[in-house]
Amino acid sequence: MIILGIETSCDDTGIAVVEASKRGDFNILSNIVSSQIKIHEKYGGIVPNLAAREHVKNIEPCLKESLKQANKTIKDIDAIAVTTGPGLIPSLLIGVHFAKALAYKYKKPIIPINHIEAHILAINKKIKLPAIALIVSGGHTQLILIDKKYKIIGETRDDAAGECFDKIAKLLNLGYPGGPEISKQAEKCKTTKLELPRPMIHQKNYDFSFSGLKTAVLHKVKENKYKTEEIAKESQQAIIDVLIKKTIKAKEQYKAKTVILAGGVAANKELRKQFQEKTNVLIPDFKLCTDNGAMIAIAAFSKKPKNLHKIKADANLRIK
Ligand code: KG4
Ligand code: ZN
């Protein structure tokens with residue numbers, strides 16, 4: 001079965017062609033991602049209407065390139081998978097309308113995909129249940145219990161982990177997206193005496209809060225006592241400590257057989273390393289952590305198509 005995956009929930013236009021036989025046995029024939037970093041960089045974050053405009057520009061060339069690299073034509077595609085949410089509505093609408101137009105014109109089944117579920121399934125492995133998944137991206141930070149259904153057991157009360165990386169990078173005059181920049185700076189720092197808070201680390205619940213950390217960094221920047229690399233290292237460590245502590249606690253409480261780390265922030269080398277030191281954890285390949293079309297196609301496997309007219313973009317779609 002050959003699935004076309006379309007992702008436009010945020011600022012990346014992603015289109016992929018994936019061949020699948022059974023879960024965990026996927027062959028990614030192409031995975032084109034057109035990044036809008038250059039456009040949003042000067043604003044230090046994503047501007048939704050600009051993102052939508054860029055998706056409109058990029059989506060057709062991405063489709064062409066994706067089919068070309070996969071050595072397929074649209075006729076070879078068995079189903080079209082598209083992100084319907086959660087995400088920025090102007091961005092989501094472009095992908096959803098494009099997918100519906102393709103499905104209508106070429107008479108292909110269409111499968112709506114939840115972006116968060118796609119991040120999880122990007123691990124491309126069989127999941128032993130119950131499982132705990134930590135999703136850390138620019139828009140979300142959620143701890144999800146996976147059993148017969150998905151259940152969100154905790155989430156951020158303010159900023160997402162990726163958003164925190166992005167905002168701290170901005171305070172430090174580093175580029176956008178902030179995660180990779182902070183990570184590079186942190187690598188340069190051997191030790192630091194700087195201590196930043198680990199928000200909510202000792203609370204009994206599985207919720208997170210990252211906006212206080214950002215404010216603490218702002219004060220440290222103003223003090224002018226610490227090097228950029230020191231602030232980068234300690235903020236990265238503060239985020240890592242909270243994420244790992246809460247995930248391990250959830251793993252123990254729910255007796256999880258699998259722990260999954262996914263989403264754009266899962267591309268962070270130090271987070272991956274420290275997670276692996278603490279527990280057995282499944283993490284997608286680097287390229288499948290940040291937004292892409294292949295994870296959307298992979299998530300569509302074994303899901304049923306839906307009536308074209310019932311497919312709608314939903315900015316606040318919850319995982320079920
Ligand atoms: O999943 P994703 O591509 O988009 C959303 O669904 O939001 O995640 C993007 C986020 C950004 O906030 C970016 O700074 C973060 O992932 N990110 C990283 C790294 N690479 C991307 N954060 C920390 N370390 C990284 N290496
Ligand atoms: Zn994402």
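Helices here are DSSP runs of at least four residues, numbered from the N terminus. Keep that in mind as we walk through this predicted model, starting with the ligand.

Three helices each give at least two residues to the shell around ligand 1: helix H4 (115-121), helix H5 (161-171) and helix H6 (178-188). In total, 18 residues surround ligand 1. If you want to find the spot on your screen, look for Gly138, Asp166, Gly264, Asn268 and Asp291, which are the closest. What sort of residues make up this shell? It splits into 11 polar, 5 nonpolar and 2 charged residues. Two domains have a hand in it as well: domain 1 (2-121 + 289-310) and domain 2 (131-283) each contribute at least three residues to the shell.

Now zoom in on some individual atoms. Take asparagine 268 to begin with: an N or O atom in its side chain sits 3.0 Å from a nitrogen atom of ligand 1. Glycine 162 uses its backbone instead, with an N or O atom 3.1 Å from an oxygen atom of the ligand. Aspartate 291 also brings in a backbone N or O atom, and this one lies 2.9 Å from an oxygen atom of ligand 1. How much of the ligand does the protein cover? On its own, ligand 1 has 560 Å² of accessible area, and the protein covers 90% of that.

Let's move on to empty space. Rolling a probe the size of a water molecule over the atoms shows where such space is left. The second largest pocket has a volume of about 360 Å³. Its lining consists of 18 residues, and Thr84, Pro112, Ile113, Asn114 and Leu317 are the ones nearest its centre. Which element gives the largest share of that lining? That's strand E5 (residues 110-114), with 4 residues. By type, the lining contains 9 charged, 7 nonpolar and 2 polar residues.

Finally, have a look at the backbone in a few loops. Between strand E4 (79-85) and helix H3 (89-106) you'll find proline 86. One more loop, between H6 and helix H7 (211-223), holds methionine 200. What is phi at methionine 200? It is positive, about 65°, although this residue isn't a glycine.

Note on methods
Residues numbered from 1 in each chain as written. Chains lettered and ligands numbered in written order. Predicted model: local features only at pLDDT ≥ 70, side-chain atom pairs only at ≥ 80, totals over all residues. Heavy atoms only, no water. 1 Å grid on protein atoms, 1.4 Å probe; cavity = no way out; pocket = protein on both sides within 12 Å on 5 of 7 lines; lining within 4 Å. Points joined across faces, edges and corners; volume = space filled by probe spheres on them. Nonpolar A, V, L, I, M, F, W, Y, C, P; charged D, E, K, R; others polar. Near = heavy atom within 4 Å. Polar contact = N/O pair within 3.5 Å; in protein donor to acceptor, adjacent residues only side chain to side chain. Areas by Shrake-Rupley, 256 points an atom, 1.4 Å probe, with all protein chains shown as cover. Domains from an automatic or database assignment.
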